[in-house]
Amino acid sequence: MGQRPTATTGAANKADQYGLGSYPAIIREPLVAIRMLASAGVVATVDHVRTISLLRLHNRLVDRRRRAKFVDVLERATNAEPLRVRSTTPEEVVQAVHCAPLPSKTVLWAIDAAGIDPAEYDLVDVGSGWGFALAVASELPFRGLTGIEFDRGFHDMAVRNFDAFAANGSVAPGRVALKHESALEAELPGEPLVVLLANPFGELIMARFLDRLAASVKKYPRPVVILYVNPTQAHLFDRSEVDEIALRGTAATLLRLFSPYRVRAYRWNG
Ligand SMILES: C[S@@+](CC[C@H](N)C(=O)[O-])C[C@H]1O[C@@H](n2cnc3c(N)ncnc32)[C@H](O)[C@@H]1O
């Protein structure tokens, strides 16, 4: 596998993008908004402010307590490190989205709103970072859980976290399979599958990943549901074998009103 891509990933968040990453939040956030207004317009700025505000709220009200149970966390969005990455092509590093966990409520509401019965599926988190979403999913009775993460540093953090959970009895040993692999090489479980995509990568890699998923469904026909959070490449799901699932119920309303990220769900027909 290619171990030394030369390209670097982009800024891990808007503050870094505008060169404001080192400022305290009270100065940083208004400055980011002002710069965004000038460069990206009102709609994008309002959307950004909503996302940041809701992320803070989720963290303060719910996820701070959850994070405290992990032995190894990243305090802020962090880019994959090219020297640590296991990739099939340099574009995977260029197209990688930074490591930052989803709010737990977004994961739980998405599963509920898509009508998924965890007892019928394995779940695979493609781009599993340090394991936060997997830990949330492990509280539900999924048949199996797998994380695929191409950055060795993030993968090792997830391994340490789940080792600690196994030691303190909160997650059974071996319940979560963690793979230090690229999304473009990992074998997907041949069981009925929920694929969690927390906006891990850009268009080129997503297109290649979906082709691999198509081949996997052809080889092992089985129900496959995709939960695509922050669906920046949703147009790629406009394929004959894919149907969008309408999100329903209270969880769909909660997602719409209170999730920092939008969610789309798809069924892949074999
Ligand atoms: C937004 S984070 C997701 C965090 C995780 N799903 C959670 O919610 O706890 C995206 C992750 O995808 C990983 N990633 C990006 N491109 C990848 C690829 N080609 N193969 C595997 N992992 C990748 C990044 O390193 C990053 O950790």
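User: Which elements cover the buried residues of helix H7?

Analyst: The cover over the buried residues of H7 includes helix H6 (132-137), strand S2 (144-149) and strand S3 (176-180). The contacts are pairs of heavy atoms within 4.5 Å. Helices (H or I, at least four residues) and strands (E, at least two) are DSSP runs, numbered from the N terminus. The model is predicted: local features need pLDDT of at least 70 and side-chain atom pairs pLDDT 80 or more, while totals for chains, interfaces and linings use all residues. Residues are numbered from 1 along each chain as its sequence is written, and side-chain values use heavy atoms, without hydrogens and water.

User: Which residues of H7 are buried?

Analyst: They are Gly153, Phe154, His155, Met157, Ala158, Asn161, Phe162 and Phe165. The classes rest on relative accessible area: buried is under 20%, exposed is over 50%, and partly exposed lies in between (1.4 Å probe, protein chains only).

User: What is found at the start of H7, and what just after the helix?

Analyst: At the start, a side-chain oxygen of aspartate 151 comes within 2.7 Å of the backbone nitrogen of glycine 153. Just after the helix, glycine 169 has a positive phi of about 85 degrees.

User: Why is asparagine 161 called buried?

Analyst: Asparagine 161, a residue of helix H7, has a relative accessible area of 0%, and it is therefore buried.

User: What does asparagine 161 touch beyond its sequence neighbours?

Analyst: Leaving out residues up to four places away in sequence, asparagine 161 touches Phe70, Val71, Asp72 and Trp130. A polar atom of the asparagine 161 side chain lies 3.1 Å from the backbone oxygen of tryptophan 130. These two residues are 31 residues apart in sequence, and their C-alpha atoms are 7.7 Å apart.

User: What makes the link between arginine 66 and glutamate 139 a polar contact?

Analyst: A polar contact is a pair of N or O atoms within 3.5 Å; within protein, one must be able to donate a hydrogen and the other to accept it, and residues adjacent in sequence count only if both atoms are side-chain atoms. The side chains of arginine 66 and glutamate 139 are joined at 2.7 Å, as a polar contact.

User: Why does arginine 66 count as buried?

Analyst: Its relative accessibility is 17%, so arginine 66 is placed in the buried class. The residue lies in helix H3 (residues 42-67). Apart from neighbours within four places in sequence, arginine 66 is in contact with Ser104, Leu108, Phe132, Val136 and Glu139.

User: How many residues surround the ligand, and how do they divide by type?

Analyst: There are 23 residues around the ligand, and the closest are Glu92, Asp125, Gly127, Glu149 and Ala183. The shell divides into 14 nonpolar, 5 polar and 4 charged residues. Ala, Val, Leu, Ile, Met, Phe, Trp, Tyr, Cys and Pro count as nonpolar, Asp, Glu, Lys and Arg as charged, and the others, Gly among them, as polar.

User: Why is asparagine 199 called buried, and why is asparagine 230 placed in its class?

Analyst: Asparagine 199 has 8% relative accessibility and therefore counts as buried. Asparagine 230 has a relative accessible area of 28%, so the residue is partly exposed. Asparagine 199 is in the loop between strand S4 (193-197) and helix H8 (203-219), and asparagine 230 is in the loop between strand S5 (224-229) and strand S6 (242-245). Phi is positive at asparagine 199, about 45 degrees, and at asparagine 230, near 55 degrees.

Terms used:
Near = heavy atom within 4 Å.
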